[in-house]
Amino acid sequence: MNDKVDVLIIGSGASGAAVAWSLADTKMRILCLEQGDWMKQSDFPSNGTDYAAQLFRDYATSPNIRRRPSDYPINDDASPIKVVNFNAVGGSTVMYTAHYPRLHPSDFKVRSLDGVADDWPIDYRVLEPFFTENDRMMGTSGLAGDPAYPAHALMMPPLPLGRTGTKIARTMNTLGWHWWPSDTVLATTEYEGRAPCINLGHCTPACAQGAKASTDITYWPNAIRAGVELRTNCRVREITVGADGMANGVVYYDANDVEQFQAAEVVIVACNGVGTPRLLLNSVSGKFPNGLANSSGLVGKNLMFHPWTQIYGYVDEPMDGHRGPPLCIWSQEFYETDPSRDFVRGFNLQFNRGMPVATEAVNTEAAGLVPWGDGHHDAFRALVGHRLTVGVCSEDLPEEHNRVTLDPVLKDRHGIPAPKIEYTIGDNTNRMLDFAVARARDIMQAAGARHVDVVRPLPLSGWHLLGTARMGNDPERSVVNGWGRSHDVKNLFIVDGSVFVTGGGVNPTSTIQAVALYIADQIKQRLATLFD
Amino acid sequence: MTDETLTATEIADLRCLAGMIVPASAKYNVPGADDDAIFADLLNSIERDTDHVRAALAALRERAGGSFADLDVGRRGEVAAGLRAEGGVPLAVLTRNVLLCYYRDARVLRSLGLEARPPFPGGHVVDQGDWSLLDQVRTRPPFWRAVP
């Protein structure tokens with residue numbers, strides 16, 4: 001069972017799946033170890049009337065609440081933003097909202113353009129063909145022609161504007177601000193065996209229709225058909241190294257919790273911006289006493305989250321409410337640096353539809369908008385289905401004190417030390433959020449919204465786990481080189497959001513996957529000299 | 001290990017409080033959250049939140065000076081209002097459970113004009129909306145920041 005493989009990939013989520021598929025055409029023996037299992041659409045929350053409650057149970061976004069056997073605990077007490085993820089085949093793409101913007105060209109050159117952080121060693125132009133390839137594999141929907149982006153094609157038409165999108169669009173036109181239908185990977189027509197979206201209204205905790213592109217239904221069927229082996233319920237404890245300092249395999253616990261060793265010629269880590277540093281820091285040896293690939297001391301540092309702030313209010317006319325995907329339209333009006341502001345970089349505004357009726361009840365009660373007792377029904381019925389929500393996806397700059405370390409006490413069920421998160425929102429980002437909240441209030445006011453309130457930051461919003469094993473040309477200032485190979489261990493690659501040098505101000509999955517495909521392409525092009 | 005079974009006193013207090021959070025309404029022809037079916041659903045659903053619910057009920061009992069359910073109606077209102085004003089995670093979790101169960105009851109959903117069914121497989125209809133609004137944005141020249 002555990003014969004040596006050519007390539008061992010750890011993690012089957014957004015990046016691991018893309019790399020596995022891309023490398024499959026080399027005909028190398030490729031194995032992926034995934035700590036979770038295959039998910040079944042028939043088990044997803046939208047199949048039941050308790051679908052809203054599942055967000056607080058088996059489909060909670062936080063692993064600390066969800067506590068599935070595949071999950072590992074995370075000590076995020078020292079962070080205002082809590083980590084959210086999912087551990088299964090497809091990783092967190094099973095439980096994301098499928099918002100699919102690309103990073104902008106300026107995001108790769110923030111040092112050159114704005115004098116902060118660092119430039120990436122690669123840029124938008126380098127990634128463009130991989131964005132395109134990934135768009136085809138994941139199946140993007142949207143509308144070409146957004147003036148906020150370089151031209152790019154989309155595979156399917158956009159999601160409907162609906163009542164909510166129309167209301168926001170009219171408001172944004174009044175203000176003279178940009179808006180555009182969001183790029184998503186929700187199928188709006190039949191696409192590569194996926195059924196089109198039927199507006200279940202509950203995309204994040206997995207799509208029962210299968211319209212949402214999670215990699216278990218996009219990349220993985222293709223990768224497996226091409227010969228990649230995917231071994232589930234296998235949690236990797238550490239990457240091992242030989243006397244030559246090269247990675248020679250991993251120790252993992254199999255589905256029966258039995259310790260196993262898997263030998264490999266090449267190890268590719270795709271465990272996300274928290275799981276990857278956790279694994280590297282747990283992989284200590286005489287040669288690497290501070291964790292694998294950590295000669296720079298930067299493994300786990302520079303964690304970026306995109307501090308998410310939500311502004312919401314209620315309008316008189318009925319909106320889409322619980323119907324339709326949350327995704328709707330975005331605005332990039334304030335994305336690029338404007339020297340007249342007191343911050344650099346920017347943010348993306350995302351306008352969402354409503355939420356399940358029961359969730360709206362919970363939120364309005366918690367916000368004090370709906371009383372207990374006799375006034376409950378009148379108050380709630382005046383609000384339900386009338387919500388407008390603006391999400392601010394803000395750029396946070398890399399700061400070394402924002403980091404992932406190993407918790408000295410907390411362990412997962414296999415006894416592996418758990419990650420500990422320490423994070424504070426930086427000054428630049430706080431000034432950015434001040435500005436963003438003011439603009440979102442402008443929008444709410446122009447829309448005639450009442451009961452406007454702000455959640456800053458949204459606590460359970462740590463979806464975007466970036467920067468903790470950054471790429472760069474300088475081994476003292478980065479963990480991997482410009483094509484994903486560890487500076488320290490020449491047969492070790494990292495392909496997930498950990499390698500981001502800066503985070504931009506948009507959801508990162510599209511870029512994570514484009515980077516993963518780029519690294520896979522580099523591996524293929526350099527096979528003869530891969531370890532030089 | 002969490003003992004997921006509430007005591008009879010805790011159940012009586014919880015039912016009483018649930019009915020105060022969401023009372024029945026003749027105006028909307030809906031039951032309260034203390035309705036037999038809704039409350040049974042609630043008891044079956046608390047699961048991993050039992051510790052928080054139990055903590056909230058303990059705080060309620062402390063304020064009541066004994067059984068909350070045994071208080072007269074006026075005193076119950078005072079105690080419940082005090083508990084809500086104090087807030088805290090346990091009460092938030094209790095209230096969340098009450099509302100999640102209440103707003104999936106078929107009678108309640110129908111009263112809101114909604115179908116009492118899961119989202120899948122029926123889905124929902126969302127209108128395309130007014131795409132002509134995009135004409136104004138289409139005229140805007142590209143404004144992404146070019147990189148040398």
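Predicted model: local features only at pLDDT ≥ 70, side-chain atom pairs only at ≥ 80, totals over all residues.

Trainee: How many residues of chain A are in contact with chain B?

Mentor: On chain A, 55 residues are in contact with 44 residues of chain B. Helix 5 (162-175), helix 8 (357-366) and helix 9 (376-383) of chain A each give two or more residues to that side of chain A. The largest share, seven residues, comes from helix 5 of chain A. By class, this side of chain A holds 24 nonpolar, 20 polar and eleven charged residues.

Trainee: And sheets? How do I read those?

Mentor: Strands of a sheet pair through backbone hydrogen bonds, either parallel or antiparallel. Here, three strands of chain A make an open sheet in the order 3-14-13, with mixed pairing. Strand 3 (75-78) and strand 13 (403-411) of chain A are at the edges with a single partner strand each, so one side of each has no neighbour in the sheet. From one strand to the next, the twist averages 40°.

Trainee: How many bridges join strand 3 of chain A to strand 14 of chain A?

Mentor: Two bridges join them, and the two strands run parallel. Look for Ala78(A), which stands opposite Glu422(A) in strand 14 of chain A.

Trainee: Which helix lies across strand 13 and strand 14 of chain A?

Mentor: That's helix 7 (residues 272-282) of chain A, running at about 65° to strand 13 of chain A.

How values were computed: Residues numbered from 1 in each chain as written. Chains lettered and ligands numbered in written order. Contact = placed C-beta atoms within 7 Å. Helix = DSSP H or I, 4+ residues; strand = E, 2+ residues; numbered from the N terminus. Nonpolar A, V, L, I, M, F, W, Y, C, P; charged D, E, K, R; others polar. Pairing = 2+ DSSP bridges. Axes fitted to C-alpha atoms, helices over the stretch in contact; angles between N-to-C directions.
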